[in-house]
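Please read the following alongside the sequence and the coordinates. The text starts with the sheet and then turns to the helices.

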Amino acid sequence: MADNRIAWLNGDYLPLADAKVSAQDRGFLFADGIYEFTAVLDGRLVDGASHLTRFARSAEGLGIALPLPLDEIAAVQRALITRNALDQGGIYFQLTAGPAERDFLARPARPTLLLFTQASDILDKPAARTGIVVKTVPDPRWARRDLKTINLLGQVFAKREAATAGAQEAWLVDADGFVTEGASSSALIVTADGVLVTRPNGPDILPGCTRKAVLAIAERDGIVVEERLFTVVEALAAREAILTSASNFVVAVVTIDEQAIGDGRPGPVAARLRELYIEAARAS
């Protein structure tokens with residue numbers, strides 16, 4: 001099927017197939033860049049402001065100047081939704097330092113900014129009904145995981161290992177046995193006494209935008225939230241395990257390392273939080 005999507009690259013709307021960047025772009029040569037993915041539901045951005053704020057923070061962390069103010073990037077996103085008649089899915093946007101002679105210290109004058117849409121049935125994913133299987137993997141990534149960089153090789157390795165074991169996601173584990181996060185998601189558990197636990201923000205994890213919204217929703221719904229470290233052993237003994245991400249919203253984890261969590265089926269907390277998150281997304 002022909003791909004007729006319209007993208008935005010460095011100020012121009014053009015067919016995605018025609019969106020080209022320099023072979024000397026530092027994103028290609030050094031992974032010197034950042035990215036975001038913002039979900040789209042009913043033709044509208046979900047948690048758009050949070051993703052843009054994190055985008056700006058990551059750009060500052062890599063020393064890359066934003067070529068557009070955040071409100072103008074948001075306007076481009078909305079224009080792409082309209083131009084591509086996108087109802088459900090998301091918008092991927094990536095910023096790199098731009099093209100320059102290959103040199104470790106080069107800082108080009110003009111960064112590269114690319115945005116494009118991805119259509120998907122974000123509401124009716126089978127995993128939302130059945131839950132997913134997780135495999136734990138030693139965390140192979142660099143120290144600044146709070147920056148959403150395009151250097152994703154560690155996550156690729158982790159997801160490959162998980163897929164080989166028949167799992168849909170990897171939960172990354174630090175040297176002390178504590179879960180950091182999923183390879184492309186945030187990790188949460190529900191303890192035996194009903195407390196929702198997730199690792200606190202810091203350099204070890206990406207500050208998840210969906211996770212942030214879900215924690216606020218949980219507290220409003222009367223769920224006790226604790227941001228603290230938890231081990232793989234604690235996760236295996238949990239009443240429920242949950243992952244959150246922009247592309248999945250809220251999904252139950254039913255198995256970790258071939259051991260069923262709870263009764264091995266999606267639990268009520270995961271189902272309730274997914275329902276409330278979708279309601280909030282549609283209402284915002």
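Two strands are said to pair if DSSP finds at least two bridges between them. Strands (E, at least two residues) and helices (H or I, at least four) are DSSP runs, numbered from the N terminus. The model is a predicted one: local features need pLDDT of at least 70, side-chain atom pairs count only at pLDDT 80 or more, and totals for chains, interfaces and linings use all residues. Residues are numbered from 1 along each chain as its sequence is written, and side-chain values use heavy atoms, with hydrogens and water left out.

Six strands form an open sheet in the order β2-β1-β6-β5-β3-β4, with antiparallel pairing. Its edge strands, β2 (12–15) and β4 (44–45), each pair on one side only. At one end of this order, β1 (residues 6–9) and β2 are joined by four antiparallel bridges, and A7 stands opposite L14 in β2.

Strand β5 (residues 88–96) has two partners to follow. With β3 (residues 33–41) there are nine bridges in the antiparallel sense, and A39 stands opposite G90 in β5. With β6 (residues 112–119) there are eight, again antiparallel; here Y92 stands opposite F116 in β6. Eight of the nine residues of β5 are buried, so the strand is largely enclosed by the rest of the structure. Buried means under 20% relative accessible area, exposed over 50%, and partly exposed in between (1.4 Å probe, protein chains only).

Helix α2 (residues 48–62) has 15 residues and reaches 21 Å from its first C-alpha to its last, close to the 21 Å expected at 1.5 Å a residue. The expected span is 1.5 Å times one less than the number of residues. Which residues of α2 are buried? They are G48, H51, L52, R54, F55, S58, A59 and L62. Seen down the axis of α2, these buried residues fall within an arc of 165 degrees, so they line one face of the helix; the arc is that of the directions from the helix axis to the C-beta atoms. The face of α2 turned away from the buried side carries the exposed residues A49, T53 and E60. The buried residues of α2 pack against β3, β4, α3, β5, β6 and α6, where contact means heavy atoms within 4.5 Å. After α2 comes G63, with a positive phi near 75 degrees.

Helix α6 (residues 209–220) has twelve residues and reaches 17 Å between its first and last C-alpha, close to the expected 16 Å. Its buried residues are C209, T210, R211, A213, V214, L215, I217 and A218. Just after α6, G222 takes a positive phi of about 90 degrees.
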